[in-house]
Amino acid sequence: MSKRIYLDHSSTTYILDEVYDEMIKYLKTFFGNPSSFHSFGREVRKTVEESRERVADVISAEPREIYFTGGGTEADNTAIKGIAYANQSKGNHIITSKIEHHAVLHTCEYLEKKGFRITYLPVDKYGTIDIDALRDTITDKTILISIMHVNNEVGTIQPIEEIGKIAREHNIYFHTDAIQSFGKLPIDVNKMNIDLLSASSHKIYGPKGSGALYIRKGVRIEPLIHGGHHEMNKRAGTENVPGIIGFGKASEIAKKDMENNAYKGIGELRDYLQKGITEKIADVFVNGHPEKRIPVILNVCFKYIEGESIILKLDGKGIAASSGSACTSGDLEPSHVLFAMGVDTALAQGTVRFSLGKKNTKEEMDEVLSVLPGLIENLREMSPFSAEFEFPREAGPRVKHKH
Amino acid sequence: MNYSEKVMEHFNNPRNMGEIPDADGVGLVGNPVCGDMMKIFIKVNKDTEVIEDIKFKTFGCGAAIASSSMVTELIKDKGMTIDDALKITNKNVIEELDGLPPVKKHCSVLAEEGLQSAIEDYKKKKQKNG
Ligand SMILES: Cc1ncc(COP(=O)(O)O)c(C=O)c1O
């Protein structure tokens with residue numbers, strides 16, 4: 001097989017060489033416990049704190065507002081459960097959206113069982129939440145609004161500055177899952193009135209199992225993990241030092257990339273791929289907002305065929321993409337995001353997400369564009385459906401959709 | 001999730017894919033909303049009730065396509081009568097494919113049902129035509 005092509009960066013990225021080089025020192029030479037007082041500990045503590053500054057810098061936060069976690073899922077859990085349990089005396093109502101990642105949705109479903117009331121805001125056909133619906137659902141019992149910055153399946157960017165403003169006006173905490181946007185889109189937690197923000201290292205060329213939660217100073221949460229006094233009593237456990245160092249380095253590089261407008265070039269590649277696919281292949285539908293969409297994601301429905309079969313065929317050609325999101329393909333359920341956007345369920349079964357990264361090239365896009373039409377045609381030949389034999393109109397009732 | 005080599009082989013080189021325009025029986029099972037739908041066409045010898053030709057068209061994942069391909073291969077060129085064909089179960093399909101991931105077992109059930117549905121259609125048409 002010739003060189004493989006990776007177009008699944010929103011699932012995870014490789015580690016950059018500079019990140020790896022930094023990390024390896026903390027696996028080999030500097031092994032001390034950052035909580036220790038001796039020199040072995042102190043030299044590690046110093047770099048952990050530098051990493052905290054680097055992460056904070058990406059979102060214009062103060063270093064002491066950054067708490068390292070074991071990844072994005074933990075950051076989401078800590079934020080939502082942490083605010084919920086710390087504010088039970090004030091209220092029990094949480095507002096989120098129908099298109100959040102399962103790390104948020106399943107946490108909210110868990111809290112529902114514990115007596116909290118959750119509102120799942122609808123979205124329009126582009127996957128943008130309804131700001132008026134948000135205003136209308138706020139009650140004096142609302143303690144938290146949790147809306148993601150960028151959706152991981154379709155890439156739509158939410159109006160988080162507006163949401164932050166509304167939250168602040170009503171004195172409600174605002175959490176945003178920024179795992180797909182951190183280090184890729186400009187974020188200023190102060191301008192955007194964000195109180196809590198989740199970030200993850202392995203989406204920005206850092207190591208897996210490493211992330212952070214930003215908590216605005218003065219905001220109290222109930223910690224998820226109890227133990228020692230690590231992370232200012234908010235996340236016990238001896239630090240994952242190489243993970244933190246790697247995340248710090250990856251954050252520093254991501255910030256420089258943003259300053260150098262690196263994502264403009266990636267966006268142009270994405271648009272080139274989109275144009276090629278929509279021109280060369282009939283009956284394709286691009287999902288997500290036409291403009292307010294992160295430049296790395298292209299989500300497309302190929303009508304009359306099923307997504308996994310497309311992924312398998314692409315994989316056979318050495319091209320890695322995903323159908324919706326990694327966990328969606330394990331679920332077999334068509335995507336809850338596309339469902340919330342009103343995409344026909346049969347059509348949603350034929351979804352592929354291409355997500356681009358820093359090292360993708362135009363040649364790679366050309367390679368995809370040269371193999372994809374044939375492979376789609378091949379699968380369509382196999383399908384009983386076509387313009388002559390359409391999907392059933394009301395293809396069947398969708399009983400309550402499980403998130 | 002991992003597919004066996006046999007599944008991948010059938011997915012990449014499906015046997016008996018296509019339609020039989022003047023089929024004696026057509027089975028249509030599944031629902032695109034749930035992610036798979038299978039159409040099975042059979043040509044039956046009216047005197048011997050032997051299935052002389054079988055083809056499929058499938059909307060679905062790798063396992064659904066491989067299961068359709070396998071069920072047609074189990075019938076084709078074996079001189080199997082409709083009664084013998086009705087004895088084929090999803091377990092046979094799974095075994096012949098060297099296994100399917102647990103979440104994909106339903107694809108083999110669909111293949112069994114597709115075949116049965118095509119045979120039922122043949123029987124119904126035969127009754128109607130006397
Ligand atoms: C929007 C969003 N939230 C949460 C997560 C979970 O992050 P992690 O894999 O670091 O636990 C992901 C990544 O899959 C994501 O894309």
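Helices (H or I, at least four residues) and strands (E, at least two) are DSSP runs, numbered from the N terminus. With that in hand, welcome to the close-up views. This is a predicted model, in which local features need pLDDT of at least 70, side-chain atom pairs count only at pLDDT 80 or more, and totals for chains, interfaces and linings use all residues. Residues are numbered from 1 along each chain as its sequence is written, chains are lettered from A and ligands numbered from 1 in the order in which they are written, and side-chain values use heavy atoms, leaving out hydrogens and water.

**View 1. The shell around the ligand.** Here 13 residues surround the ligand, and the closest are A:Thr73, A:Asp177, A:Gln180, A:Ser200 and A:Lys203; a residue is near a molecule if one of its heavy atoms lies within 4 Å of it. Helix α3 of chain A (residues 72–86) gives the largest share of this shell, 3 residues. Sorted by class, the shell has 2 nonpolar, 8 polar and 3 charged residues. In this sorting, Ala, Val, Leu, Ile, Met, Phe, Trp, Tyr, Cys and Pro count as nonpolar, Asp, Glu, Lys and Arg as charged, and the others, Gly among them, as polar.

**View 2. Polar contacts to the ligand.** Look for pairs of N or O atoms within 3.5 Å. A polar side-chain atom of A:Thr73 lies 2.6 Å from an oxygen atom of the ligand. For A:Gln180, such a distance to a ligand oxygen atom is 2.8 Å, and for A:Lys203 it is 2.8 Å. Taken alone the ligand exposes 400 Å², of which the protein buries 86% (areas by the Shrake-Rupley method with a 1.4 Å probe).

**View 3. The sheet of chain A.** Seven strands form an open sheet in the order β2-β8-β7-β6-β5-β3-β4, with mixed pairing; two strands pair if DSSP finds at least two bridges between them. At the edges are β2 (66–69) and β4 (117–121) of chain A, each pairing on one side only. Strands β7 (residues 196–200) and β8 (residues 211–215) of chain A run antiparallel and are joined by 5 bridges. Within this pair, A:Leu197 stands opposite A:Tyr214 of β8(A).

**View 4. The sheet of chain B.** This open sheet has 3 strands in the order β1-β2-β3, with antiparallel pairing. Its edge strands are β1 (25–31) and β3 (51–59) of chain B. Strand β2 (residues 36–44) of chain B is joined to β3(B) by 8 bridges, and B:Ile40 has B:Phe56 in β3(B) as its bridge partner.

Conventions:
Polar contact = N/O pair within 3.5 Å; in protein donor to acceptor, adjacent residues only side chain to side chain.
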